[in-house]
Every structure is written in C-alpha cells, then in structure tokens.
Amino acid sequence: MKEQPNLSYIHQLSGRDPVFEEKLISIIKKEFPEEKARYFKHLEEKNYKLTAEDVHKLKHKISILGLEASYYLAENYENELLENELSKKNEFEEVLQSMQNFIDELK
Amino acid sequence: MNCIIVDDEETARLIIEKLASKNALVNIKEKFTNAIQAIKYLNQNQVDLIFLDIHMPEFNGFDFIRTLKSPPKIILTTSDRNFAIEAFEYKCIIDYLVKPVTQERFNKAIDKAQSISIPNHHLKNPENDLFVNIDRRLTKIDIPSIYLIEAKGDYISIKTAKKNYIVHSTLKKIEKKLPADTFLRIHRSYIINVKSIIDIEDNSVLIEKDIVPVSRNKRPELLKYLNLL
C-alpha cells in the first residue's frame, strides 16, 4: 500500500497548538505550489541541475508530511537528475500530486 | 544564546523558530531569507549562534560562512541525510540538523553549542587555499596541489594531480593569488608550479604528464628558480 501524507510531524512539533498548526499549514499551502511550479518549469526547460535543486527543496515538504519512502525516492531522483536521468520522474510526480491533494483538503 | 536563522524557505524558518521557543537557552533575534541580508546584519550585530541552511540559491551556506571573518557558532540545517563532507573543514560548524528537525534533536544541538568553544580561525590552512567560482559555487583548491594553469580563451584550466578545474578568469588574475616563490609564468598561456617540474628541455618543461612550452624570454627566469648543479 502506498504511503499517505499525514500530519504526525506537525502535531508533534506544535504540541497540538492549533494557532501554530494553522500558520504552518498556510505557509505550506503557499510555498508548495510555488516550489512545484519551479520544478516543472526547470524540467520543461531541461535544466536538470536546477530541477535537482527544486527536488532537493521539495524534500523538506515531503518529510514534513511524513512521507518517509517518498523522501528516499526524491533523494534518488535528485541524484539521477544530476546525471540527466529521469527514470523516477513519474513516480516522483505522483508523490507531488498526492501531497497537493492532501494539502488542498487541509483547512 | 542570541541566534539568527538564515533559510530561504519560510516553512523551515517557522519550524526552527517554534523549536527555539521551547528551548530556554535560545533567543532568536532575527530571521533572514538570504545570506546577503544576514551578512549586512552581522556587520552591525553580534550573535552567538546561526541556524544556517546549506542549500540556498545564488549564495549558499558555505559561501556565506567564507565571507565571515570571525564566524560565530553555526548549526547547519539541511535536507541532506548524507552530511556534506565540506562542513568538516569549518571549526565554527558545531552540528547539523536534518530537516524536518525534531525537538529532541534540536535540544541536543543546542546543548552541544552551549558546551563547545570554537577557535578564532575557522579554516584549517587558509594561506594554502584558493577559492574559485565554478557553476555559482566557490570551490576550494589546495594551492600546492596545482601543477599547471593554462589559458584557454576566456577561461583558465587549473590542473591538479586529482582534478582539473575550468574557471572563468585570466592568468594575470590568478598569478596575483599564487605564491611567487613557487609559481612562474613561463609562457603567455602557461603558469607552472616549479616544484612539480620533472624535466627541462631547450624550449619545454615536462610537468607531471604535460609538456609545456617555455618562452625564450622566460627561460632565464625559470633557470633562476632551479637548484642547478
């Protein structure tokens, strides 16, 4: 079964402080689409070095949302991009989509 | 401890701030989205500790550290689980935190920061180091390991036993950075490390595996460098 994004880390960090959680989630809601857009832009431009940097940046959000296996996938993809390889592209983009769906549902 | 946070990611800055709020030893004075802003602040203010992201666009964490004459203690924050080897070269880096950071790990790093004192000189041997700009990164080259520098149009090729570096610069510029007792320009396109010479013929020197031409007018100067029998 594929792992699902979750709020375990955020709850642990906040000590269930709803004000902090709301603030953090609102920042993630703002930053994640921006980071994702940069990734797709650089990918389309075939600038794989910058794409690898974008994947690196996205790894933080992946780990915040508790996606342990996806983190390693992203790490491998990041290294792969530096060699101009894209074999993990689709799998990685599925993770991004699943994160976006999860974030969209958060209030 | 008075601290600042340097991280281009707002999420990361907020998380460090939250973790710091639960640790009585830490007082976050300022947060910066890029290294340049932080340098400006540090020119006017003293801090005890910096939480520093390694991966930032344009000017990364290591570039930032190199600009600080007397850096305070630094805790790196990174999404790299394989800690950057380069970090071990800086005495001011006392710990690194892999994102996302937990409270327990954060507190450990703060305890470490509290108990460690750092020497004034953070670089191992700066007089032997040359920093060159390659792909927007400042890369360190050990000067004694350089045996040949060759001009190639707008670029220079710096050759060491381990690696060659292509840098956008001129021989004139790099010549000024190298110790004059070891490095000599023997041709308009070549600077050599005299200590690496293996063999000399009339108009050329063998240096490592490279045969390098010697200008006629540079030959007397070259011979002065050598311990001739």
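## Ground rules

Two residues count as in contact here if their C-beta atoms, placed from the backbone, lie within 7 Å. This is a predicted model, in which local features need pLDDT of at least 70 and side-chain atom pairs count only at pLDDT 80 or more, while totals for chains, interfaces and linings use all residues. Residues are numbered from 1 along each chain as its sequence is written, and chains are lettered from A in the order in which they are written.

Let's start with B:Ile158. By the contact rule, B:Ile158 touches B:Ile141, B:Ile146, B:Ile149, B:Asn164, B:Tyr165 and B:Val167, leaving out residues up to four places away in sequence. B:Ile158 sits in strand β9 (residues 155–160) of chain B; strands are DSSP runs of E, at least two residues long, and helices are runs of H or I, at least four, both numbered from the N terminus.

B:Ile158 is buried, with 24 other C-beta atoms within 10 Å. The cut-offs: buried takes 20 or more other C-beta atoms within 10 Å of a residue's own, exposed takes 12 or fewer, and partly exposed is in between. B:Ile191 is 33 residues from B:Ile158 in sequence, and their C-alpha atoms are 9.5 Å apart in space.

## Chain B as a whole

Zooming out, chain B has 6 helices and 15 strands. Of its 229 residues, 30% are buried. Take the contacts in chain B between residues at least 6 apart in sequence: 50% of them join residues at least 24 apart.

Now look at helix α2 (residues 35–44) of chain B, where B:Ala35, B:Ala38 and B:Leu42 are buried. These residues cover an arc of only 60 degrees around the axis (taken from the directions from the helix axis to the C-beta atoms), which puts them on the same side of α2(B). As a reminder, an α-helix has 3.6 residues a turn, so residues three or four places apart point the same way.

What do the buried residues of α2(B) pack against? Their partners are β1 (2–6), β2 (27–32) and α3 (61–67) of chain B. On the face turned away from the buried side, you'll find the exposed residues B:Lys40, B:Asn43 and B:Gln44.

## A helix pair in chain A

Over in chain A, helix α2 (residues 18–44) and helix α3 (residues 48–64) pack at an angle of about 160 degrees, with their axes 8 Å apart. Axes are lines fitted to C-alpha atoms over the stretch in contact, and angles run from 0 to 180 degrees between N-to-C directions. The two helices, α2(A) and α3(A), are therefore roughly antiparallel, a label for angles over 145 degrees.

The contact draws on several residues of α2(A), including A:Phe32, A:Arg38 and A:Leu43, and on several of α3(A), among them A:Leu50, A:Asp54 and A:Lys61. By type, the contact residues split into 7 nonpolar, 2 polar and 5 charged. Here Ala, Val, Leu, Ile, Met, Phe, Trp, Tyr, Cys and Pro count as nonpolar, Asp, Glu, Lys and Arg as charged, and the others, Gly among them, as polar.

Most residues other than glycine have a negative phi, and most peptide bonds are trans. The bond from B:Lys99 to B:Pro100 is cis, with omega near 0 degrees; B:Pro100 lies in the loop between β5 (93–98) and α4 (103–115) of chain B.

Two residues other than glycine have positive phi. A:Asn84 has phi near 60 degrees, in the loop between α4 (68–82) and α5 (89–105) of chain A, and is exposed, with 11 other C-beta atoms within 10 Å. B:Glu208 has phi near 50 degrees, in the loop between β14 (204–207) and β15 (210–213) of chain B, and is partly exposed, with 15 such atoms within 10 Å.

Notes
Parallel < 35°, antiparallel > 145°, perpendicular 65-115°, else oblique.
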